[in-house]
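Please look at the model below before reading on.

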There are 2 protein chains.
Amino acid sequence: MNATHIGLVAGVLTSMAVVPQVVRTWRTKQARDLSIWQPLLLVAGMLLWFVYGVMIEDLPLIAANLFSLACYVLLIGMKLAYDRKP
Amino acid sequence: MNATHIGLVAGVLTSMAVVPQVVRTWRTKQARDLSIWQPLLLVAGMLLWFVYGVMIEDLPLIAANLFSLACYVLLIGMKLAYDRKP
């Protein structure tokens, strides 16, 4: 297992990490314990990672960040929707 | 602003993103809406990013991942502690 393999597995793990949170929030319809700033900062950061990936033409970087971006945008939408409930 | 600058800003944003969540969980002592799997997967992924950073001798990668690792370990500890409360 060389460095590139380790980097790829690392990227898959950190990209997939948001999925259980999206599933949990979707199921429970509860998001009060979540900070809105975490997904907001991550979306801002990942947009830049995506731009960086395009600039250095690195496909794994582009793909991983697009996927996570979509998940975090979804999480922000759910947080805003569910916190409005009484 | 070249690609490296964009990558550095991206890294700072995504590394710092966990801080508001740690602060919110610490203040509210509530973590029920958090999925334990998100920090667990991130810790596993970031350990590998750290190993990858050491292998390719990339200091920003090492530093950013060590910082985030510490934050997520703290978050896991708080989640386990606060969820045990009645």
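A residue is called buried if its relative accessible area is under 20%, exposed if over 50%, and partly exposed in between, using a 1.4 Å probe and protein chains only. By this scale A:M16 is partly exposed, because its relative accessibility is 40%. This is a predicted model, in which local features need pLDDT of at least 70, side-chain atom pairs count only at pLDDT 80 or more, and totals for chains, interfaces and linings use all residues. Residues are numbered from 1 along each chain as its sequence is written, chains are lettered from A and ligands numbered from 1 in the order in which they are written, and side-chain values use heavy atoms, with hydrogens and water left out.

A:M16 belongs to helix α1 (residues 3-16) of chain A. Helices here are DSSP runs of H or I with at least four residues, strands are runs of E with at least two, and both are numbered from the N terminus. Together with A:V12 and A:F67, A:M16 forms a nonpolar patch on the surface, with about 260 Å² of accessible area in total. Such areas come from the Shrake-Rupley method with a 1.4 Å probe, and for residues only the protein chains shown count as cover. A patch takes residues with over 30% relative accessible area and no salt bridge; nonpolar side chains (Val, Leu, Ile, Met, Phe, Trp, Tyr) are joined within 5 Å, and like charges within 9 Å. A salt bridge is a side-chain nitrogen of Lys or Arg within 4 Å of a carboxyl oxygen of Asp or Glu.

How many aromatic pairs are found over all chains? The search gives two. Rings of Phe, Tyr and Trp (its six-membered ring) pair if their centres lie within 6.5 Å; planes under 30 degrees apart are stacked, over 60 edge-to-face, and the rest tilted. The rings of A:W49 and A:Y52 have centres 5.7 Å apart and planes at 65°, so this pair is edge-to-face. A:W49 and A:Y52 are about one helical turn apart because they are three residues apart in helix α3 (residues 37-55) of chain A. A:W49 is partly exposed at 22%, while A:Y52 is buried at 19%. In chain B, the rings of B:W49 and B:Y52 have centres 5.8 Å apart and planes at 65°, so they too are edge-to-face.

A:W49 is also one of the contacts of A:N65, along with A:M46 and A:F50, leaving aside neighbours within four places in sequence. Contact means heavy atoms within 4.5 Å. A:N65 lies in helix α4 (residues 59-83) of chain A and is buried, with a relative accessible area of 8%.

B:Q21, in helix α2 (residues 18-28) of chain B, is buried at 1%. Beyond its neighbours within four places in sequence, B:Q21 contacts residues of both chains, including A:D33, A:Q38 and B:L75.

Next comes a lysine over a ring. A:K29 lies over the face of A:W26, 3.9 Å from the ring centre. A charge sits over a ring if NZ of Lys or CZ of Arg is within 6 Å of the ring centre and within 35 degrees of the ring normal. A:K29 is in the loop between α2 (18-28) and α3 of chain A.

Most residues other than glycine have a negative phi. A:K29, although not a glycine, has a positive phi of about 55°. A:E57, in the loop between α3 and α4 of chain A, also has a positive phi, near 55°. A:E57 is exposed, with a relative accessible area of 70%.
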